[in-house]
Amino acid sequence: TQEKETFAIEGMTCASCVQTVEKAVSKLTGVAAAPVNLATEKMTVTFDQNQVTTQAIIAAVKAAGYDAKLVT
Ligand code: 9UX
């Protein structure tokens, strides 16, 4: 089952940051799409909840050097 969750991303200042975050999250198994909006600093991730967790998505963003919080 695919689910969509929005995350607030902290620490991005340029378009290159956006690409870094999108790449880091997109390569997780189970993530179908992870577009980042720099202006709003939000990322909407489409993923399979049986294959990847929101915690793993946050961890991937942190590993890339940024911070993420789930927006509920
Ligand atoms: Mo974006 Mo460039 O924050 O070093 S400024 S990647």
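Q: What share of the contacts in the chain between residues at least 6 apart in sequence join residues at least 24 apart?
A: The model is predicted. Among contacts between residues at least 6 apart in sequence, the share that joins residues at least 24 apart is 61%.

Q: In what pattern do the helices and strands follow one another along the sequence?
A: The chain contains 2 helices and 5 strands. Read along the sequence, these elements give the pattern β-α-β-β-β-α-β.

Q: What is the radius of gyration of the chain, and what does the globule rule give for 72 residues?
A: Along the principal axes, the C-alpha atoms fill a box of roughly 35 × 20 × 15 Å. The chain is as compact as a globular protein of its length, because its radius of gyration is close to the value from the globule rule for 72 residues: 11 Å for the chain and 11 Å from the rule.

Q: Which residues does Val-25 contact, leaving aside its neighbours within four places in sequence?
A: Val-25 is one of the core residues that touch the most other members. Apart from neighbours within four places in sequence, its contacts are Val-31, Ala-34, Met-43, Val-45, Ile-57, Ala-60 and Val-61.

Q: Within what arc do the buried residues of α2 fall, seen down the helix axis?
A: The buried residues in α2 are Ile-57, Ala-60 and Val-61. An α-helix has 3.6 residues a turn, so residues three or four places apart point the same way. The buried residues of α2 therefore line one face of the helix, falling within an arc of 100°.

Q: Which exposed residues does α2 carry on the face turned away from its buried side?
A: The buried residues of α2 pack against β1, α1, β4 and β5 (67-71). On the face turned away from that buried side, the exposed residues are Gln-55 and Ala-63.

Q: Is Gln-2 buried or exposed?
A: Gln-2 lies in strand β1, which spans residues 2-10. Not counting residues up to four places away in sequence, Gln-2 touches Ala-32, Thr-46, Phe-47 and Asp-48. Because Gln-2 has 11 C-beta neighbours inside 10 Å, this residue counts as exposed.

Q: How many other C-beta atoms lie within 10 Å of Glu-5?
A: Glu-5 is placed in strand β1. Beyond four places in sequence, Glu-5 is in contact with Val-45, Thr-54 and Leu-70. Glu-5 is partly exposed, because the number of other C-beta atoms within 10 Å is 15.

Q: How far apart in space are Glu-5 and Thr-72, C-alpha to C-alpha?
A: In sequence, Glu-5 and Thr-72 are 67 residues apart. In space, their C-alpha to C-alpha distance is 8.1 Å.

Q: How do the residues of the shell around the ligand divide into nonpolar, polar and charged?
A: The ligand is surrounded by Met-12, Thr-13, Cys-14, Ser-16 and Cys-17. This shell divides into 3 nonpolar, 2 polar and no charged residues.

Conventions:
Residues are numbered from 1 along each chain as its sequence is written. This is a predicted model: local features need pLDDT of at least 70, side-chain atom pairs count only at pLDDT 80 or more; totals for chains, interfaces and linings use all residues. A residue is near a molecule or strand if its C-beta atom, placed from the backbone, lies within 6 Å of it. Ala, Val, Leu, Ile, Met, Phe, Trp, Tyr, Cys and Pro count as nonpolar, Asp, Glu, Lys and Arg as charged, and the others, Gly among them, as polar. Helices (H or I, at least four residues) and strands (E, at least two) are DSSP runs, numbered from the N terminus. A residue is buried if 20 or more other C-beta atoms lie within 10 Å of its own, exposed if 12 or fewer, and partly exposed in between; C-beta atoms are placed from the backbone. Two residues are in contact if their C-beta atoms, placed from the backbone, lie within 7 Å. The radius of gyration is taken over C-alpha atoms; the globule rule is 2.2 Å times the number of residues to the power 0.38. A nonpolar core is a set of buried Ala, Val, Leu, Ile, Met, Phe, Trp, Tyr and Cys residues joined through C-beta atoms within 7 Å. The arc is that of the directions from the helix axis to the C-beta atoms.
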